[in-house]
Amino acid sequence: MIAVISAAEVVGLAVVALVVIVLLAALRQMVNIVQQGEVGVVKHLGEYRKTHEPGLVIIQPFIESLQRVDMREIPRPGDRQDVITKDNVVVTVNATIFTQVVDAQQALFSIAKFDVAIDALARTALRSVIGTMTLDQALSERERINTDVQEQMEVVTDKWGIRISRIEIIAISPPPKILEALALEKQADQEKRAKILQSEGQQRSAINIAEGDAQAAVRKAEGARQAAILRAEGARQAAILEAEGRSQAITTVYGAIKKGEPDPTLVAILQLDALAKFADSDNAKIVVPFESAGLLGAAQTLRSVLAAAPADGEQP
């Protein structure tokens with residue numbers, strides 16, 4: 001049996017279904033959950049009403065709306081762009097900008113699509129800062145570029161309720177020909193430094209050798225001086241000892257002669273003995289004392305003594 005549904009029942013079912021759908025939509029719009037790191041901005045008929053912290057947020061359906069704003073720090077990688085330096089060199093620059101929303105109301109109502117605005121502002125600031133620097137400065141002073149770009153952007157973004165945490169320059173790429181020229185310049189600079197270091201090393205080595213030779217000469221001179229002093233001291237001591245020995249010998253001989261009471265005959269014999277020793281020496285010259293007359297007289301006396309002496313084998 002097929003039941004016949006009247007038009008009124010169909011309308012009633014449609015109304016009930018519509019009411020259910022509207023209630024579900026209203027419930028879904030009324031109950032909201034804001035995640036940690038976000039805030040919920042409530043607008044009442046398009047007008048700002050309140051900012052909710054993370055958690056459960058209940059709003060009036062259909063007349064109020066909730067828009068979530070991420071309050072975390074967000075890295076925004078920029079696109080590579082060509083920038084002209086102060087010395088008219090075109091370089092390709094790529095940077096990453098770290099931003100954070102600190103005022104959700106200002107971020108939503110002060111600027112439309114603030115993420116797009118930040119990207120455009122970063123491009124302009126990079127061109128402005130690098131345009132005041134030469135190529136060498138741009139390649140060697142990245143920290144300065146980061147600071148200057150951040151300062152320029154913060155002047156604008158502070159009004160938007162957005163903070164520029166930091167900016168990191170990822171790459172600054174000069175044209176290939178400029179890179180080749182820089183490589184050649186670097187190589188020449190390294191060779192120059194190597195030659196300077198080599199010359200300084202040779203100079204230092206020569207100085208050390210000269211100082212060593214000077215010290216060696218000084219020490220050698222001091223050694224020679226000490227040796228000369230020691231030799232002179234030894235010679236002096238030897239001379240003193242020799243003189244003392246001669247003095248003692250003369251004193252002993254003189255004492256013995258004086259004790260023996262020599263007569264003129266003995267003195268003459270001693271003088272002749274001395275002359276004989278001079279004659280036996282290798283000298284080509286013989287020194288005859290001035291008292292040769294006395295020696296001759298002593299010789300005559302000795303001859304007479306020997307003549308008066310008995311001959312060998314004869315009895316006295």
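Student: Which residues in H3 meet which residues in H5?
Tutor: This is a predicted model, in which local features need pLDDT of at least 70 and side-chain atom pairs count only at pLDDT 80 or more, while totals for chains, interfaces and linings use all residues. Residues are numbered from 1 along each chain as its sequence is written, and side-chain values use heavy atoms, with hydrogens and water left out. On the H3 side you will find Ile118, Leu121, Ala122, Ala125, Leu126, Ser128, Val129 and Ile130, which meet Ile145, Asp148, Val149, Gln152, Met153, Val156 and Thr157 of H5, where a contact means heavy atoms within 4.5 Å. Helices here are DSSP runs of H or I with at least four residues, and strands are runs of E with at least two, numbered from the N terminus.
Student: And at what angle do their axes cross?
Tutor: The axes of H3 (residues 114-130) and H5 (residues 142-157) cross at roughly 135° and come within 9 Å, the axes being lines fitted to C-alpha atoms, for helices over the stretch in contact, with angles from 0 to 180 degrees between N-to-C directions.
Student: Switching to strands, what is the order in the open sheet of three?
Tutor: The order is S3-S2-S5, with antiparallel pairing, and two strands pair if DSSP finds at least two bridges between them. Strands S3 (47-52) and S5 (64-70) are at the edges with a single partner strand each, so one side of each has no neighbour in the sheet.
Student: How many bridges link S2 and S5?
Tutor: Seven bridges join S2 (residues 38-44) to S5 in the antiparallel sense, and Val41 has Gln67 in S5 as its bridge partner.
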